[in-house]
Amino acid sequence: QVQLVESGGGLVQAGGSLRLSCAASGRTFDTWIMGWFRQAPGQDRTFVARITWGAGSTSYADSVKGRFTISRDNAKNTVYLQMNSLKVEDTAVYYCAARVIKSATYDYWGQGTQVTVSS
C-alpha cells in the first residue's frame, strides 16, 4: 500500500521560504511521477510541480516558476518542494501525489499540509 506523508508546512511572512517534504513508502517508485498540488479556500485543487522519480525531470505551474523547486532524494524515498519568495496568494493546503508514469491520473494522495503566508 502506497503511503504519502507530507510535512513542513507552517506560517511564514511574505518573501520568506518553506520546504515541504513528502515521505513515500509502500513500493519502489522508479517508474513513478511525484507531484505537488495545492488547494486554497473555496478554490479547486491545482497543479504546482512534478518530478519523475527516475530521471528527475521537472515541470512547474507558471505561477511558481522561478520561486519553487521540486527535488527528490532516492535514498530517503522523499520528495521536496522548496518554496522561496512566498506570496500571500501561495496560501493553501499543499498535497503530495503519486502516479505511475503511464497513468493519466494521480492515484495516491497525502493528507495535506497547510501553508499560510502573511502580508
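Visitor: Is Cys96 buried or exposed in this structure?
Guide: In this predicted model, the relative accessible area of Cys96 comes to 1%. Since the cut-off for burial is under 20%, Cys96 is counted as buried.

Visitor: To which residue is Cys96 joined by a disulfide?
Guide: The count of disulfides comes to one. In this bond the two sulfur atoms lie 2.0 Å from each other, and the partner has a relative accessibility of 0%, so Cys22 counts as buried. The residue joined to Cys96 is therefore, with a torsion about the S-S bond of about -75 degrees that makes the disulfide left-handed, Cys22.

Visitor: Which strands stand at the edges of the open sheet of four strands?
Guide: The strands of this open sheet follow the order 1-3-8-7, and their pairing is antiparallel. Two of them have a single partner strand each, so one side of each is left without a neighbour in the sheet, and these are strand 1 (3-7) and strand 7.

Visitor: Which residue in strand 8 does Arg19 stand opposite?
Guide: Strand 3 and strand 8 run antiparallel and are joined by six bridges. Across from Arg19, the residue in strand 8 is Gln82.

Visitor: What separation do the C-alpha atoms of Glu6 and Ser21 have?
Guide: Glu6 is found in strand 1, and with a relative accessible area of 5% Glu6 is buried. Although Glu6 and Ser21 are 15 residues apart along the chain, the separation of their C-alpha atoms is 5.5 Å.

Visitor: Which residues touch the most other members of the largest nonpolar core?
Guide: This core holds 31 residues, and among the elements that give two or more residues to it are strand 3 (18-25), strand 5 (46-52) and strand 11 (113-118). The members that touch the most others are Met34, Trp36, Leu81, Met83 and Tyr94.

Visitor: What kind of aromatic pair do Phe37 and Tyr106 form?
Guide: A search of the whole structure finds seven aromatic pairs. In the one formed by Phe37 and Tyr106, the centres are 5.0 Å apart and the planes stand at 80 degrees to each other. Planes over 60 degrees apart meet the cut-off for this class, and the pair of Phe37 and Tyr106 is edge-to-face.

Visitor: Where in the chain does Tyr106 lie?
Guide: Tyr106, at 16% relative accessibility, counts as buried, and Phe37 counts as buried too, at 10%. The pair links distant parts of the chain, 69 residues apart, with Phe37 in strand 4 (residues 32-39). Tyr106 itself lies in the loop between strand 9 (92-100) and strand 10 (108-109).

Visitor: Over the ring of which residue does the charged end of Arg45 sit?
Guide: Another arginine, Arg99, has its charged end over the ring of Tyr106, 5.1 Å from the centre of that ring. For Arg45, the charged end lies 4.5 Å from the centre of the ring that it sits over, and this ring belongs to Trp109.

Methods
Residues numbered from 1 in each chain as written. Predicted model: local features only at pLDDT ≥ 70, side-chain atom pairs only at ≥ 80, totals over all residues. Heavy atoms only, no water. Phe/Tyr/Trp six-rings, centres within 6.5 Å; stacked < 30°, edge-to-face > 60°. Buried < 20%, exposed > 50% of the residue type's maximum accessible area, 1.4 Å probe, protein only. Lys NZ or Arg CZ within 6 Å of the ring centre and 35° of its normal. Core = buried A, V, L, I, M, F, W, Y, C linked by side-chain atoms within 4.5 Å. Pairing = 2+ DSSP bridges. Disulfide = S-S within 2.5 Å.
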